[in-house]
Amino acid sequence: MIDFGYFALCLALLTSGYALFSSLAGGRSGRFALVRSSENALLATCALLTLAVCVLWHALLTHNFQVRFVAENSNLAMPLFYTVTSLWGGQAGSLLFWGWILSLYIAAVVLLYRHRYRELMPYALSVMAATSFFFCILHLFSADPFVTLPFKPADGRGLNPLLQQPLMAIHPPLLYLGMVGMVVPFAFAISALASGQLDSTWLRPARRWMLIPWSFLGAGLLLGGKWAYVELGWGGYWGWDPVENSSLMPWLAGTAFLHSIMIQERKGMLKVWNMVLAILCYSLCILGTFITRSGIISSVHAFAKSNIGPFFAVFLVVILVVSFGLLYLRLPHLKPENRLESFASRETAFLLNNWILLGILFAVLWGTLFPLISEAFTGQQITVGPPFFNQVNVPIGLVLILLTGAGPLFAWRRTSEQSLKENFAVPTMVGLLSLIVPLGLGVRDLYALISLVLCASAAAAIVLEFHAGTRARMRSTSEGYATAIYRLSAKNRRRYGGYMTHFALMLLFVGFTGKAFTSETEVVLQRGETTPIGAYELTYETMAFKEDANMNSTAAALTLRRDGQRLGTLLPERRYYKAFDQGTTEVSIYSDLREDFYLILVGSAEDGSAKFQIYINPLVNFVWLGSIVLILGSLWAMWPTARDRRIARIDRSTAPSTIGSLAVGS
Amino acid sequence: MWMWIAFGLLLTQAGSVQGASSAEIKEVAQELVCLCGDCARESLATCLCTDFAVPQREHIGRLLDQGKTHGEIIDEYVSTYGQMALAAPPPEGINLLAWVTPFAALIFGILLIRSILRNRRTESTSTAVVGGAQRDRLQRELERFDEDD
């Protein structure tokens, strides 16, 4: 059975290699049959990798510990759910999963664009086939998931206990869907350069296929934050860890791309810049993978150290050389078609948006790589941790909120002074009025005050934008408010989906601001003892021990009261996973919109006392609320429009037999 | 397991911190990282490693009780463990680059944008036939026709 998997990988290497060759030849000669054959080969690659993934899943589910990957990442005691998710719990499996997702993306592009973008498709296929080929090489020669042991162990080691958490089961696939998918916009950018189709045609598929992985990446980042918050037990959701940074950077570049292509679509400007951003997005994904997998920078996300680093380093260099080489050759053909008309315009706002996003990106990249730079010069190891990233990024982040709020208030081309005054009046007023609340609550932190004012103004501007559009629509139609706001947003999904994500960003920033007011206490309590913590009262009731085959656990039960009212029972827990000789912290959280009461069991003593750590995290739920709005906004923006559906219908009706000659090169 | 929890605890009882509040301890600890070797140098303020972070936080508390200042404690850590113990590089020598470069890049970026805007604008010949307010209204009307694509 396992041999099937290995054999499928070998065949996938051949089919993807053939697809690369035939698409290049098809692109050069313009022979459609070659391109079609390459598409079919890529569909075959997808089928083969699907087979390989199924074989590995089968091995996991049947506990075939003869397979090294299965023995190292699963065991008999693990629940079924985690046995399934352990596919991406270890190096080889997660890379296979990665390669599989890649092939699914490629198959989707191939099937969707059978009759569209025919000039761009050949070289776009080449880029995607090359990536797929690269991953097949990795599967076979560096991280083979089907390596078998000389004997069959009675039981496996199991999945890392930190990963035995529902959020952690979905977080990696989402990140992979994000990182992998960025190959598609990159492929279309490179294809535009290679084929010389340098008008804005490539932007349409690139935008759609950027929006999808960008949304997944955003969702993955936020779920990762949620996981860290409930699982790692340090009261926070973002630690500026190199691996977190690695997935944040492509997201920032993608955000910049989604904004700046609008200038090219409307004005034919920034052509070179958009190419650079598309290349940057994908290179950052590969760089991120390199940082994560090579272990050159220490991180909580320690994957097993392996020889995989150099593969990614070489791949990254190839990508950079080829892309920037092509871009350089095409520079003379990438002249802007228009000039900027006014400083006070949406175009300038977008330029500034790109400036600040890239500024944050650079600060994150710089901080992530700086330990290497410093060590090269001084020979001394240093740590670049959260204090660095927070101090550098908080002021830049404030400018980002300002621009998010102000940008949409500028009109394209130019904005008159009067309409600027009109547009800014209400948001500014709302912002200033909103000062009353934090000032009344005794907040004196300057950054926090600025942040809250900016968030309130920007949110007000967005609400106004929806309101004004709805009112205008109501005047020209006879719709009620609800219908009008729905139709308005549905008719221009891109714009209003965008506004929703802006609104989400404001919610996120309110949540981030709350971090400035986190308070933290450590207490030792005897059973039955009560202690006041802020406005709360905490009573330590009892302790329970539990043991099963997988782990043993110590859980404390505490009662939480506020103003004499019982809020509930908290059950913080520490677990010890035997197979890994590793402890985990299961925090217990009492949560409302205002703040979280975050309780950790640190340890217990023989005299029955126990030590607890408590964080009061104000506004943290705004982060999760913002996450949900962000996902909804992105979904709104990428939902197919009536026009998309029309095109798809035409495509289907005019399609000749799409399953023509199945020319697969193996 | 019991050893492990008891260990963390024995240290708790050995020399308990008297005066220093956990907030004061955290203020010092957040400038340092955990060096237990198992975790990835997490913040000493939040790490839960019972063999390094938890006892070290108590150590900091005792030092504060002895009247040591914030700076003295940090210096003590640096002399014991090297600069690796710091959560962020000190802004001196080559490490000053860490702090300055991001802002330098931002300034460079804004200058670049400014020069692009300048060039583009001087080259463009404004042929405004309609006045600002009119043109603005026209613009708004046009925007309404923007279709999603």
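Let me begin with helix α19 of chain A, residues 493-514, in this predicted model. At 1.5 Å a residue, its 22 residues should span 32 Å, and the end C-alpha atoms are 31 Å apart, which agrees. The expected span here is 1.5 Å times one less than the number of residues. Helices are DSSP runs of H or I with at least four residues, strands are runs of E with at least two, and both are numbered from the N terminus. Of the 22 residues in α19(A), 20 are buried; a residue is buried if 20 or more other C-beta atoms, placed from the backbone, lie within 10 Å of its own.

A word on conventions. Residues are numbered from 1 along each chain as its sequence is written, and chains are lettered from A and ligands numbered from 1 in the order in which they are written. Because the model is predicted, local features need pLDDT of at least 70 and side-chain atom pairs count only at pLDDT 80 or more, while totals for chains, interfaces and linings use all residues.

Another buried position is A:Ala129, with 27 other C-beta atoms within 10 Å. A:Ala129 belongs to helix α6, residues 121-142 of chain A.

I turn now to the strands, where a pair requires at least two DSSP bridges. Strand β3 (residues 536-547) and strand β4 (residues 551-562) of chain A run antiparallel and are joined by eleven bridges. The hairpin between β3(A) and β4(A) passes through three residues. A:Phe545 has A:Thr554 in β4(A) as its bridge partner, and A:Thr554 also stands opposite A:Arg574 in β6(A). Strand β6, residues 573-577 of chain A, runs antiparallel to β4(A), with five bridges between them.

Five bridges also connect β4(A) with strand β5, residues 565-570 of chain A, again antiparallel. There, A:Leu560 is paired with A:Gly568 in β5(A). Two residues lie between the strands of this hairpin, in which A:Asp563 takes a positive phi near 50 degrees.

Which strands form the open sheet of four? The order is β1-β10-β9-β8 in chain A, with antiparallel pairing. Its edge strands, β1 (519-525) and β8 (588-591) of chain A, each pair on one side only. Within this sheet, β9 (residues 595-604) and β10 (residues 610-618) of chain A pair over nine bridges, and A:Asp596 stands opposite A:Asn617 in β10(A).

Technical notes: A residue is buried if 20 or more other C-beta atoms lie within 10 Å of its own, exposed if 12 or fewer, and partly exposed in between; C-beta atoms are placed from the backbone.
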